Amino acid sequence: ETGVTQTPRHLVMGMTNKKSLKCEQHLGHNAMYWYKQSAKKPLELMFVYNFKEQTENNSVPSRFSPECPNSSHLFLHLHTLQPEDSALYLCASSQAGQANQPQHFGDGTRLSIL
Amino acid sequence: AQSVTQLDSHVSVSEGTPVLLRCNYSSSYSPSLFWYVQHPNKGLQLLLKYTSAATLVKGINGFEAEFKKSETSFHLTKPSAHMSDAAEYFCVVSGFTGFQKLVFGTGTRLLVSP
């Protein structure tokens, strides 16, 4: 149990579908992150939220839309995805403003685009 | 800019023999460094962290790492491998530019044979 819970664990969707990924952390952290992990590529940071405010959008296509209603919850809304978006999407949390504190990761959502 | 290089994409050992996973980093200031492990279909789990206290860092499951500034290295070791250690290992350097940014290595897959 990492303290970061992601749902669903697996998701298969067509390119025209709309779905959402959910992340919840129980660690009292105030920064949350979305990462994309594709085969044979380093982890890619997608979005960063500090105290519910988005502080980083790492040139992510607009078909990915994040939402952070409070410091414990993070969503990633998906629409009109492409086959190359198939990947493991990881959520993480940490204490904001500190480079020496580790990020804690959820187990991810395995996304497959048909 | 910060970067990490994991020198081996795969390492194979026999159960009961020592493990060495190599990592070199580049950072313009005193870095915070982490090792994470990822088992199949799971998220990233923190093994240990270096944050400028002791240069020899002990982590979970018998792993440890030594920070060597002169060699810009942060190699991960374990005296005796266990079958359950088979996984992917990531060396990570942490920076802060308004938010915490983790720079991941490309990973080393550890294979443990009986």
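Modeller: A polar contact is a pair of N or O atoms within 3.5 Å; within protein, one must be able to donate a hydrogen and the other to accept it, and residues adjacent in sequence count only if both atoms are side-chain atoms. This is a predicted model, where local features need pLDDT of at least 70, side-chain atom pairs count only at pLDDT 80 or more, and totals for chains, interfaces and linings use all residues. Residues are numbered from 1 along each chain as its sequence is written, chains are lettered from A and ligands numbered from 1 in the order written, and side-chain values use heavy atoms, leaving out hydrogens and water.

Biologist: How many residue pairs are in polar contact between chain A and chain B?

Modeller: Happy to start there! In chain A, 24 residues are in contact (heavy atoms within 4.5 Å) with 22 residues of chain B. With both residues at pLDDT 80 or more, the pairs in polar contact number nine.

Biologist: Which residue of chain A forms a salt bridge with B:Lys42?

Modeller: A salt bridge puts a side-chain nitrogen of Lys or Arg within 4 Å of a carboxyl oxygen of Asp or Glu, and the rule finds one across this interface. Its closest N and O atoms are 3.3 Å apart, and the partner of B:Lys42 is A:Asp107.

Biologist: Which residues of chain A lose the most area to chain B?

Modeller: The two chains bury about 1900 Å² between them (accessible area lost on being put together, 1.4 Å probe, summed over both), 57% of it on carbon and sulfur atoms. Together giving 24% of what the chain A side buries, the residues are A:Ala99, A:Pro102 and A:Phe105.
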